[in-house]
Amino acid sequence: MSISAEIPGIAFAASPSVPHRNSPTAVRFGSLQISGRRAGRADYTLTLAVGDAILRDTVRTHGPADAVTTLLYRAGIRLEIQEFHQRTTAAGVVTELRAQQDRRTEWATGVGADAAESTARALVAAANLTA
């Protein structure tokens, strides 16, 4: 399964890790590919733009929320999910979550073609809202 969304003007490429942020930096969703499903785990390859850096990494884990929060953590963004709700609508799958970064807590929403994409989009929105 492959989900992708292009970010105009950005070429996706491997990038060195980003040090811990001390100031708000925009996070943008690039793409999410899921492969190698077995024993309840899968390989999630995620591409995010964090400020001017493009981050692409593969995480073997149980779900998209863990994969996205792991890559955000590697980028210096410590985001914790406190509540998580998901439903299917005519527009696609909608994920609503409440997340905390440092001491700031916000609700964020993501819409996608499936649960994985909407989860990734909601987490990216939460990272930006709590920065």
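Me: Before we start, what does "buried" mean here?

Reply: Buried means under 20% relative accessible area, while partly exposed lies between that and the exposed class, which is over 50%. In this predicted model, the buried residues of helix H1 (residues 64-74) are Pro64, Ala67, Val68, Thr69, Leu71 and Leu72. They pack against strands S2, S3, S4 and S5 and against helix H2.

Me: Why is Arg74 called partly exposed?

Reply: Its relative accessible area is 42%. The buried class needs under 20% and the exposed class over 50%, so Arg74 falls in between and counts as partly exposed.

Me: What makes Arg74 and Asp57 a salt bridge?

Reply: The rule asks for a side-chain nitrogen of Lys or Arg within 4 Å of a carboxyl oxygen of Asp or Glu. For Arg74 and Asp57 the N to O distance is 2.3 Å, so the pair qualifies. This pair links helix H1 with strand S4, 17 residues apart.

Me: How do you know that Arg98 and Glu83 form a salt bridge?

Reply: Their closest N and O atoms are 3.0 Å apart, and the limit is 4 Å, so they count as a salt bridge. Arg98 in strand S6 is also the bridge partner of Glu83.

Me: Why do we say that strands S5 and S6 pair?

Reply: Pairing needs at least two bridges. S5 and S6 have 10 bridges, in the antiparallel sense, so they pair. Both belong to an open sheet of 3 strands in the order S5-S6-S7.

Notes
Residues are numbered from 1 along each chain as its sequence is written. This is a predicted model: local features need pLDDT of at least 70, side-chain atom pairs count only at pLDDT 80 or more; totals for chains, interfaces and linings use all residues. Side-chain values use heavy atoms; hydrogens and water are left out. Helices (H or I, at least four residues) and strands (E, at least two) are DSSP runs, numbered from the N terminus. Buried means under 20% relative accessible area, exposed over 50%, partly exposed in between (1.4 Å probe, protein chains only). Contact means heavy atoms within 4.5 Å.
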